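Reader: I would like to go through a model feature by feature. Please give the general idea each time, then the case at hand.

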Amino acid sequence: MTAQMKQKEEMKNNNSSSQHKIVFLPESLLNGSIEREKDISFVTLRHPQTGSGALFGFGPSDTSVYEVTQFSEEYRSWFIGESVEQDGILFMMTPFDPLFLLLPYLKQFHNLIFSEVGGLRVFRYNANKVLMWLEQKVENLLRELKRQNICVSGGSRVATFIPSNKEMTPSNEMYLQYVYELLTEYLSEDLGLELKSHLGLETNKAEESSACSTEEPPQKRAKLNDAVEPEEDYSVAVTLESKTKTKESKLTTSQKRLMKADKTGMKNIQSFFKKKIN
Amino acid sequence: MSNYKGCVEVQGWKNKYPSNNDVVCHSVPCHIKCSGPAPVSNFFTSYIEPDENNAGILKSSFRGRPLRGQEIQLPEGYVGVVMKSVDKTVTDEPDKRFRMTGHFRKLTYWNWDQIPSQNDKFVKAAQWIKIAHAIHTPLTLSSKQQEHPLDTE
């Protein structure tokens, strides 16, 4: 049996084990494709945080980038119409700001030249502007989290997706910390640290670590190397959830100091904007 | 890290699968060790009934075990699609092709004997979509000229 034949055989077997994938995606991604007759394509790109490969999608009709994430559980399968799919993974394609992908490169080379249609534009990495750009993201996220009333007591995305109960009113500091953690998933380590100090989150390091989920190293983003591998294990939420109570009591002891830190952090943001607008 | 390349053929999906032809999808809390055609409506769907004790909750059973389920609507503007991998001539290239074979705007999510709640993955998935939009919506330059991280010369 030649190697190729073997591979063919293997492929056949694989087909019987996994056939369908379920994907949530923006409808707009599909609508543009009718006239253009193009496909959605997937490629592995260097993830801005981890530096290793992650799966991204490109729409058929525009230049938008989409991040491909997956929600999986060990014991989950699909019934799709009149068939069974053993792989219970849910894939999602969500918009991705391409600047997150560019920043590590720009930072590395400081000066980078992009040729564009009809001319040449030079982009220069500007640390201040990067932080201001991130501040806008922080503000947008704070607004969205508060609107959705998502509990932000945990240290990682996993824990914090537990919607808040009425007894727990998260402080602004907790929101800020959570937003920071969400954003660091898209930032290189050093840029993440810059943002942290910029937001005034670097003080109270000791309290922070005790207050915000020491059980899990926060925001270890899954690398989506291969669409078949389940890598984000959201079932962890169950164990984290059971520990919420003990965490809570810890939080209240450091609440005062956290609030203090928060104020300075917010002040930073505002003064930053004031100075720069002229 | 293996390089992954792939694409989904989406051409004409709307004509092929009009909205009245939604695929019925159930997410079930067990690992079934095979994939392929199965008489789902006979052995599963036809046993679904409303849970009289809990409004909006469905109940059914699978292999003799009780299941509690809930219909979940996809977030506005989103559609669920079923992608089927397309056989291609075998090459060493890890290039995968998928074809859309159906779509849906709601699915049913099942737990063992436990009422689906806000803590369930699919609810979180919907939240993630909103958070992702808050993180990734590109910032416009109109309000504040300074917020773009790149200097243009």
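Author: Start with a cut-off: a residue is called buried under 20% relative accessible area, exposed over 50%, and partly exposed in between. Keep in mind that this is a predicted model.

Reader: Is B:E49 buried, exposed or partly exposed on that scale?

Author: B:E49 has a relative accessible area of 39%, so B:E49 is partly exposed. For contrast, take B:K59: its relative accessible area is 18%, which means that B:K59 is buried.

Reader: What do the side chains of B:K59 and B:E49 form?

Author: The general idea is that side chains of opposite charge can pair when their charged atoms come close. Here B:K59 and B:E49 meet in a salt bridge, at 3.9 Å from N to O. The cut-off for such a bridge is 4 Å. The two residues are ten apart and link distant parts of the chain, with B:K59 in strand β5 (residues 58–62) of chain B and B:E49 in strand β4 (residues 49–50) of chain B. Salt bridges with shared partners also gather B:E49, B:E52 and B:K59 into one network.

Reader: How many salt bridges are there over all chains?

Author: The count is seven. One of them joins A:R147 to A:E144, with 3.0 Å between the closest N and O atoms.

Reader: Where do A:R147 and A:E144 lie?

Author: Both belong to helix α5 (residues 127–148) of chain A, and their separation of three residues is about one turn of the helix. A:R147 has a relative accessible area of 59%, so A:R147 is exposed. A:E144, at 12%, is buried.

Reader: Which residue forms a salt bridge with A:E73?

Author: A:R76 does, and the closest N and O atoms of the pair are 2.7 Å apart. A:R76 is buried, because its relative accessibility is 3%. A:E73 counts as partly exposed, because its relative accessibility is 25%.

Reader: Now the strands. How should I read the two faces of β4(A)?

Author: In a regular strand the side chains alternate between the two faces of the sheet. In β4(A), one side carries A:V65, A:E67, A:T69 and A:F71, the other A:Y66, A:V68 and A:Q70, and all of these are buried.

Reader: Why is β4(A) described as largely enclosed by the rest of the structure?

Author: Strand β4 (residues 65–71) of chain A has seven of its seven residues buried, so the strand is largely enclosed.

Reader: Which strands are joined to β4(A) by bridges?

Author: Strand β3 (residues 53–58) of chain A is joined to β4(A) by three bridges, and the two run antiparallel. Strand β7 (residues 90–96) of chain A is joined to β4(A) by seven bridges, also in an antiparallel arrangement.

Reader: Last, how many cavities of 30 Å³ or more does a search of the whole structure find?

Author: The search finds three. Take the second largest cavity, with a volume of about 50 Å³. Its lining consists of A:P48, A:F100, A:L103, A:P104, A:K107, A:Y186, A:L187, A:S188 and A:L191.

Reader: Which helix gives the most to the lining of the second largest cavity, and how do the lining residues divide by type?

Author: Helix α4 (residues 98–109) of chain A gives the most, with four residues. By type, the lining of the second largest cavity has seven nonpolar residues, one polar and one charged.

How values were computed:
Residues are numbered from 1 along each chain as its sequence is written. Chains are lettered from A and ligands numbered from 1 in the order in which they are written. This is a predicted model: local features need pLDDT of at least 70, side-chain atom pairs count only at pLDDT 80 or more; totals for chains, interfaces and linings use all residues. Side-chain values use heavy atoms; hydrogens and water are left out. Buried means under 20% relative accessible area, exposed over 50%, partly exposed in between (1.4 Å probe, protein chains only). Two strands pair if DSSP finds at least two bridges between them. On a 1 Å grid over the protein atoms alone, a cavity is a set of points where a 1.4 Å probe fits but cannot get out, and a pocket is an open set with protein on both sides within 12 Å along at least five of seven lines; lining residues have an atom within 4 Å of a point. Grid points are joined across faces, edges and corners, and a volume is the space filled by probe spheres set on the points. Ala, Val, Leu, Ile, Met, Phe, Trp, Tyr, Cys and Pro count as nonpolar, Asp, Glu, Lys and Arg as charged, and the others, Gly among them, as polar.
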